[in-house]
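Biologist: Could you take me through the aromatic rings and how they pair up? Please go slowly, as I am new to this.

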Amino acid sequence: MMAITGLTRIFGIIADPVHHVKTPGVFNTYLRKQAVDGVMIPMHVAPGALADVLNGLRMMQNLGGLIVTVPHKSAVVTLCDELTAEAARVGAVNCIRRDPDGRMVGAILDGIGFVEGLRGAGIDPHGLRAYVAGAGGAASAVAFALAGAGVSSLTIGNRTEARAHALCDRIARSYPGLALSTDATRIADQDLVMNATSLGMQNGDAPPLDLRQLHSGQIVAEAIMQPALTALLRAAAAAGCRIHPGLPMLESQIRLMAEHMRVAQ
Ligand SMILES: NC(=O)c1ccc[n+]([C@@H]2O[C@H](COP(=O)([O-])OP(=O)(O)OC[C@H]3O[C@@H](n4cnc5c(N)ncnc54)[C@H](OP(=O)(O)O)[C@@H]3O)[C@@H](O)[C@H]2O)c1
């Protein structure tokens, strides 16, 4: 890390809990490589304090922006002054730029980061039949980005089915020609299977989808970064699938986050 001086711009990551976050390490390495005089720090913020904290941070003149993660991505939407078109469509924000006048501008970069991470590993989602487990913030962003990347069909499976239906309805409005489903029983029919639930972070979590249907023609991807090899990825590797871990989704977002927060200014 570069020496912190009175000129150093501050970037934060707000989460609850915050101890497990990986972004500061990756982001600070990026800032150092780009010779940017800035630092990212963890900020432990409980949901009930979110609005007060954000309103206070508006007045902090050396704050360049914030990364937003679990459980705040949906709640910050109404607290931002402006949203990118993608954040408005997805209904979630994971990166906020604080403009010099204190305005907070929210973007969602998870989905495009996931797609860029896939492409970086030589996997083009165009034309693939895709399954996304989950309908929360990460799943919504990934689902919209996969639709934008031209998957041939998209199935959303979620514990709370109503959220999966609502997500499909929102995607249908932006991508009216896309084949959409919420049938979580047809995993074997998919080319790309992605876990965007939080199941797999803890030892002993239930699997996020029916592992018995995994086969060697499939790519199985994770959003979870810790552990790097989740029970899902282990089962997929054992079934002969190509596996794609959660870290590239974050790594691909770092440049996008830096651009949105205009770190170089
Ligand atoms: N690699 C990256 O760059 C990256 C980026 C963003 C997020 N992530 C990871 O993605 C995961 C999801 O994050 P998020 O922001 O989308 O969280 P979120 O908005 O809270 O959504 C959580 C999702 O997991 C499901 N879920 C939670 N507990 C469950 C359980 N016991 N049984 C079945 N389903 C359950 C929820 O289903 P319900 O709707 O039924 O509650 C929901 O679909 C986290 O592990 C996060 O760390 C990774």
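**The aromatic cluster**

Modeller: Start in helix α1, where phenylalanine 27 and tyrosine 30 are three residues apart, so about one helical turn separates them. Helices (H or I, at least four residues) and strands (E, at least two) are DSSP runs, numbered from the N terminus. Phenylalanine 27 is buried, and its relative accessible area is 0%. Buried means under 20% relative accessible area, exposed over 50%, and partly exposed in between (1.4 Å probe, protein chains only).

A word on the model. It is predicted: local features need pLDDT of at least 70, side-chain atom pairs count only at pLDDT 80 or more, and totals for chains, interfaces and linings use all residues. Residues are numbered from 1 along each chain as its sequence is written, and side-chain values use heavy atoms, leaving out hydrogens and water.

Now the rings. How many aromatic pairs does a search of the whole structure find? It finds two. In one, phenylalanine 11 and phenylalanine 27 are tilted, 6.0 Å centre to centre with 55° between the planes. Rings of Phe, Tyr and Trp (its six-membered ring) pair if their centres lie within 6.5 Å; planes under 30 degrees apart are stacked, over 60 edge-to-face, the rest tilted. Phenylalanine 11 sits in strand β1 (residues 9-15) and phenylalanine 27 in helix α1 (residues 23-33), so this pair ties together parts 16 residues apart in sequence. Both phenylalanine 11 and phenylalanine 27 are buried.

Phenylalanine 27 also pairs with tyrosine 30. That pair is tilted too: 6.4 Å centre to centre, 35° between the planes. Put together, Phe11, Phe27 and Tyr30 form one aromatic cluster.
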